[in-house]
Each structure stands twice: as structure tokens, then as C-alpha cells.
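Keep the structure open as you read.

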Amino acid sequence: MYQMLVLLGLAALLGVSQGRTDCYGSVERIKTPGASCKTAKAEGLSYCGLRASEKIAERDLRAMDQYKAIIKKVGEKMCVEPALIAGIISRESHAGKALRNGLGDNGNGFGLMQVDKKSHTPEGQWNSETHLTQGTGILIEMIKKIQGKFPQWTKDQQLKGGIAAYNFGDRNVRSYDRMDIGTTNNDYSSDVVGRAQYFKKQGY
């Protein structure tokens, strides 16, 4: 009995719930239309929707895989699905392929997750665990603001709202059905969720 209590105490100290990544909902449960035709066309695709999101994510997979370990580490540390972090990284920087010296958006966006330098002081190297921790922290902050703004939404709806807010701020999220209107190409959260669902299937 004593040994069992010691083991249980150790398990509690080590955090048996470690590895949980669904504190804010799950991309798997979200029905998404995927990428808009504008986003798909910019990627040279002749089709739009979820298929386009999956194709773009697939193209980013090789570059993403070099960051897989730190993406999973940050996801587990912050209880956010690693696949969602990868989906944002794909949309924001094509896993770094779209950046110059770690910068995008005319020098205003920093790192894989494109932290806005006008609103935040970037932390760490552009492709580091520190950077991903900051970017994911900003995402969580947005999800929490949406939770407060729309308490009647389901956890997964609040998650999607938080993803849209990551792109254009929580004040601009006004309804679930039209949450992406005003985001880049009017499809930000729908496309990110589509890409995240693909990365989930790849073990993220």
C-alpha cells in the first residue's frame, strides 16, 4: 500500500496528464470548408476548398518535419494540438520557406508563426522553441478572449474563433458563420483548420 502511494505521488509529480493537447478543443471535430479560391490560386492550384488546404500542407510537410519535435514539445507543454501549431506555421510562413532572414510581411512578421512586431516584442530565434512558445501563447490569449466573448459557443467553435483572431484580432470576430470575413483572403481559420487536419494525420 505504501509503495503504491509513493508511486501515485511520483506520478502526480511527473504529471501523468502530460501530453494532453486538447485543452482548447480539437481541429479534428471542426467541419471546415478549407482554403478559399483566392488562397488556392496564389498557390498555383486550380481547385479550392479542403482539398487545396491539404495539398498546400502536403507541400510544406518536408520543411515542417525538421521542426516536428519542437512543435510537439510546445503543443504538449501548452496543451494545444501540435497539428494546429503546424497548420498556423504552414499558413504563415510555409514552414519558413516564405521567409527572408526569419522575417515576412515586409519585415513586420517574425518567425515561423509570424509574430507581429508592431504588437509584440519577438522572443528567441525565428525558428526556435522559444518563438513557438510565444506564438502559441498569443494564440491561447486569443482563444481565451473568444471564450469570454462567446461563452455560448462550443469549445471547438471557440478554438476556431481564436484561430481567426490570431490573424486579425478578437474584436473582428463577430459571428461563427462569418468569422473569416476580413481575415487574409477571407478564409484564415478555415484554411488553417484544413491544414491542421492534414498534419494531424501525419503524426503531429
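## Reading the model

Q: Is H94 buried or exposed?
A: This is a predicted model, and the values come from its atoms. The relative accessible area of H94 is 17%. Buried means under 20%. Because 17% is below that cut-off, H94 counts as buried.

Q: Where is H94 found, and which residues does H94 touch beyond those up to four places away in sequence?
A: H94 is found in the loop between α5 and β1. Leave out residues up to four places away in sequence. The residues H94 then touches are E43, I56, D60, A63, I89 and R195.

Q: How many Å separate the C-alpha atoms of H94 and M64?
A: Along the chain, H94 and M64 are 30 residues apart.

Q: Which residues is G96 in contact with, leaving aside neighbours within four places in sequence?
A: G96 also sits in the loop between α5 and β1. Its relative accessibility is 13%, so G96 counts as buried. With those neighbours left aside, the contacts of G96 are L112 and W126.

Q: How many Å lie between the C-alpha atoms of G96 and N127?
A: The two residues are 31 places apart along the chain. Their C-alpha atoms are separated by 7.8 Å.

Q: At which residue does α3 bend by about 40°?
A: Axes fitted on either side of a residue give the bend there. In α3 the angle is about 40°. The residue is R59.

Q: Which elements are included in what covers the buried residues of α3?
A: The buried residues of α3 are A52, S53, I56, A57, D60, L61, A63 and M64. An α-helix has 3.6 residues a turn, so residues three or four places apart point the same way. What covers the buried residues of α3 includes α2, α4, α5 and α8.

Q: Is E54 buried, partly exposed or exposed?
A: E54 lies in helix α3. E54 touches G194, Y198 and K201, not counting residues up to four places away in sequence. Its relative accessibility is 24%, so E54 counts as partly exposed.

Q: How many Å apart in space are E54 and M179, C-alpha to C-alpha?
A: In sequence, E54 and M179 are 125 residues apart. In space, C-alpha to C-alpha, the value is 21 Å.

Q: What does helix α6 reach from its first C-alpha to its last?
A: Helix α6 covers residues 129-149, which is 21 residues. At 1.5 Å a residue, 30 Å is expected. The reach of α6 is close to that, at 30 Å.

Q: Which elements do the buried residues of α6 pack against?
A: The buried residues of α6 include H131, L132, G135, I138, L139, M142 and I146. They pack against helices and strands. These are α4, α5, β2, β3 and α7.

Q: Where is D116, and how exposed is D116?
A: The place of D116 is in strand β3. At 30% relative accessibility, D116 counts as partly exposed.

Q: What is the handedness of the crossing of α7 and α8?
A: The axes of α7 and α8 come within 8 Å and cross at roughly 115°. The contact is made by K160, I163, A164, Y166 and N167 of α7 and Y188, S189, S190, V192 and V193 of α8. By class, six are nonpolar, three polar and one charged. The crossing is right-handed.

Q: What is phi of N185, and what is phi of N186?
A: N185 and N186 lie in the loop between α7 and α8. Most residues other than glycine have a negative phi. N185 is not a glycine, yet its phi is positive, near 60°. N186 is not a glycine either, and its positive phi is about 55°.

Q: Are N185 and N186 buried, partly exposed or exposed?
A: The relative accessibility of N185 is 24%. For N186 the value is 44%. N185 therefore counts as partly exposed, and N186 likewise counts as partly exposed.

Note on methods. Residues numbered from 1 in each chain as written. Predicted model: local features only at pLDDT ≥ 70, side-chain atom pairs only at ≥ 80, totals over all residues. Heavy atoms only, no water. Axes fitted to C-alpha atoms, helices over the stretch in contact; angles between N-to-C directions. Helix = DSSP H or I, 4+ residues; strand = E, 2+ residues; numbered from the N terminus. Left-handed = near helix turned anticlockwise from the far one by under 90°. Contact = heavy atoms within 4.5 Å. Nonpolar A, V, L, I, M, F, W, Y, C, P; charged D, E, K, R; others polar. Bend = angle between axes of the 7 residues up to and from the residue. Buried < 20%, exposed > 50% of the residue type's maximum accessible area, 1.4 Å probe, protein only. Expected span 1.5 Å × (residues − 1).
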